[in-house]
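Keep the viewer open as you read.

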Amino acid sequence: MFRILAINPGSSSTKIALYDDEKLLVSTNIRHPQSELDLFYSLKDQYEYRKQAILNTLMEHKLPLETIGAIVGRGGVLNPVQSGAYKINETMLAALRNNSKANAANLGAQLAADVGKEVGAPAYIYDSVSVDEMLGFVTADRLAGGREDKHRTCAKQQGSGEKMGRRKGEVI
């Protein structure tokens with residue numbers, strides 16, 4: 001069996017789940033009271049607090065850390081990437097640490113990497129919040145940027161899917 005720990009930091013909680021292969025062993029939502037979050041200047045400053053909460057939760061459930069084979073964290077705000085898993089590296093961590101966009105998911109890679117170091121397991125992110133399945137398709141709308149342009153681009157994507165024989169709502 002291969003044991004995977006998933007970490008998903010959110011604005012007021014951190015969700016973790018531990019799997020043996022595809023079988024869920026533990027799933028919990030670690031709530032972070034606003035009174036505790038208010039002690040931190042920024043989301044980045046919550047890192048150690050959240051990491052300790054994850055480790056404490058794993059210990060409370062009597063889950064031996066050395067049995068974890070891989071760690072996956074929620075991907076943060078990166079440059080656009082295709083969906084999927086990416087091995088965490090120093091370039092990625094630096095980009096997330098130096099990112100001016102405040103998003104709790106930016107902590108996911110760092111938490112996964114550091115917990116991975118402690119248990120001797122590789123660390124990955126999965127589906128960064130910056131997933132862009134239209135990478136490689138450049139249109140005037142995409143270059144223009146704004147909200148309305150994004151909606152037109154989505155409508156064009158849907159229209160293209162329908163032309164390809166896909167129903168509305170299917171992945172194109």
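## H3 against H4

Helix H3 (residues 90-97) packs on H4 at an angle of about 135°, and their axes are 8 Å apart. This is a predicted model, where local features need pLDDT of at least 70 and side-chain atom pairs count only at pLDDT 80 or more, while totals for chains, interfaces and linings use all residues. Residues are numbered from 1 along each chain as its sequence is written, and side-chain values use heavy atoms, with hydrogens and water left out.

A few conventions: helices (H or I, at least four residues) and strands (E, at least two) are DSSP runs, numbered from the N terminus. Axes are lines fitted to C-alpha atoms, for helices over the stretch in contact, and angles run from 0 to 180 degrees between N-to-C directions. H3 and H4 are therefore oblique to each other (angles under 35 degrees count as roughly parallel, over 145 as roughly antiparallel, 65 to 115 as roughly perpendicular and the rest as oblique).

H3 passes H4 in a left-handed crossing (the near helix is turned anticlockwise from the far one by less than a right angle; clockwise would be right-handed). On the H3 side, Glu90, Met92, Leu93, Leu96 and Arg97 meet Asn106, Ala109, Gln110, Ala113 and Lys117 of H4, with contact meaning heavy atoms within 4.5 Å. Sorted by class, that contact has 5 nonpolar, 2 polar and 3 charged residues (Ala, Val, Leu, Ile, Met, Phe, Trp, Tyr, Cys and Pro count as nonpolar, Asp, Glu, Lys and Arg as charged, and the others, Gly among them, as polar).

## H2 against H4

H4 (residues 106-119) also packs with H2, at about 50° and with the axes 10 Å apart. That angle makes H2 oblique to H4, and the crossing is right-handed.

From H2, Tyr47, Arg50, Lys51, Ile54 and Leu55 meet Leu107, Gln110, Leu111, Asp114, Val115 and Glu118 of H4. The class count here is 6 nonpolar, 1 polar and 4 charged residues.

## The sheet

Now for the strands: 6 of them form an open sheet with mixed pairing, in the order E3-E2-E1-E4-E6-E5 (strands pair if DSSP finds at least two bridges between them). E3 (23-31) and E5 (85-87) are at the edges with a single partner strand each, so one side of each lacks a neighbour in the sheet. Twist averages 20° from one strand to the next.

E4 (residues 70-74) runs parallel to E1, joined by 4 bridges, and parallel to E6 (residues 123-126), again through 4 bridges. Valine 72 of E4 is the bridge partner of alanine 6, and its partner in E6 is tyrosine 124. Helix H2 (residues 47-60) lies across E1 (3-9), E2 (13-20) and E3, at about 40° to E2.

## Confidence

Mean pLDDT (the predictor's confidence in each residue, from 0 to 100) is 78, and 78% of the residues reach 70 or more. Residues 146-164 fall below 50, and that stretch has 17 contacts in the model beyond near neighbours in sequence. Residues 168-172 are also below 50, with 8 such contacts.
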